[in-house]
Amino acid sequence: MEDGLSSFWGPVTSTDWCEKNYVYSSYIAEFFNTISNVPGILLALIGLVNALRQRFEKRFSVLHISNMILAIGSMIYHSTLQHVQQQGDETPMVWEMLLYFYILYSPDWHYRSTMPTFLFFYGALYAVVHALFRFGFGFKVHYIILCLLCIPRMYKYYIYTKDVSAKRLAKLYVATLLLGSICWLSDRVFCKEISHWHFNPQGHALWHILMGFNSYFANTFLMFCRAQQREWNPKVVYFFGVFPYVKIQKPKSQ
């Protein structure tokens, strides 16, 4: 949304959200939409430390790192509101979903080398096409399709998981996804009305915060399910009795 201080980055060339631009700094276009990515980075860092400390498979370390890259890309995009930076935010979103697809489906994939190879070339091709062409609505449709493809497998993991705490993680994942989607849609659809309010609820910033927790809950649930498959005796424990993470006990042979 226009208004505010003079712009260090020049005219807006990307999608503009329902937050007044350059209100707090001439270097940050959308202040709240920028800083709201910090929780996602910290949560992904916590997940990464846990994955490395307990020697989970490398796929989970890569997953947490991809969450951090996505959040950093989002910060750069919202601080500049430039088209190139928006692509730098959207392309990692697709790569991240391809990684989720691999983690969800690869355990039962008979020809295991074919899946990462296909997903790698698909992601590379998408990055090239997305860099050459501008398709805002097409990106959203494509991203939603990738998300929908992951849902059946997530549901299968949920119904086959008996642990109550692990199921709670899955429920928190769904709850944050729904709440975040409501915030995103409200910010996008009702922006004209919100612009006349004395207080902007910052729906898109809330979306960032909720998606940071959403990714953490999803990753933790998937780590639990994978540890079950590997017979690592996983348990969901709580740091300070509040913050959940997975603790495993590998057999001595591993």
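A polar contact of 2.7 Å joins the side chains of Arg226 and Glu57; the term denotes a pair of N or O atoms within 3.5 Å, where within protein one must be able to donate a hydrogen and the other to accept it, and residues adjacent in sequence count only if both atoms are side-chain atoms. The model is predicted, so local features need pLDDT of at least 70 and side-chain atom pairs count only at pLDDT 80 or more, while totals for chains, interfaces and linings use all residues. Residues are numbered from 1 along each chain as its sequence is written, and side-chain values use heavy atoms, with hydrogens and water left out.

**Arg226**
- Arg226 lies in helix 9; helices (H or I, at least four residues) are DSSP runs numbered from the N terminus, as are strands (E, at least two).
- Arg226 counts as buried at 12% relative accessibility, where buried means under 20% relative accessible area, exposed over 50%, and partly exposed in between (1.4 Å probe, protein chains only).
- Not counting residues up to four places away in sequence, Arg226 touches Glu57, Arg59, Phe60 and Pro107, with contact meaning heavy atoms within 4.5 Å.

**Annotated binding site**
- An unreviewed UniProt entry lists His78, His204 and His208 under "binding site"; UniProt positions follow the numbering used here, feature names are shortened, and annotations may be inferred rather than shown by experiment.
- These residues span 131 residues in sequence, yet no two of their C-alpha atoms are more than 11.3 Å apart, so they gather at one spot.
- His204 is found in helix 9 (residues 203-229) and is buried, with a relative accessible area of 3%.
- Leaving aside neighbours within four places in sequence, His204 is in contact with Trp17, Asn33, His78, Cys183, Trp184 and Asp187.
- His208 also lies in helix 9 and counts as buried at 10% relative accessibility.
- Not counting residues up to four places away in sequence, His208 touches Asn33, Ser36, Asn37, Ser74 and His78.
- The side chains of His208 and Ser36 make a polar contact of 2.9 Å.

**Annotated transmembrane regions**
- The unreviewed UniProt entry places "transmembrane region" at several spans, including residues 31-49 and 205-225.
- Residues 31-49 are 89% helix and 0% strand, and their end C-alpha atoms lie 29 Å apart.
- Residues 205-225 are 100% helix and 0% strand, with end C-alpha atoms 30 Å apart.

**Loop residue**
- Phe133 lies in the loop between helix 5 (114-132) and helix 6 (136-160).
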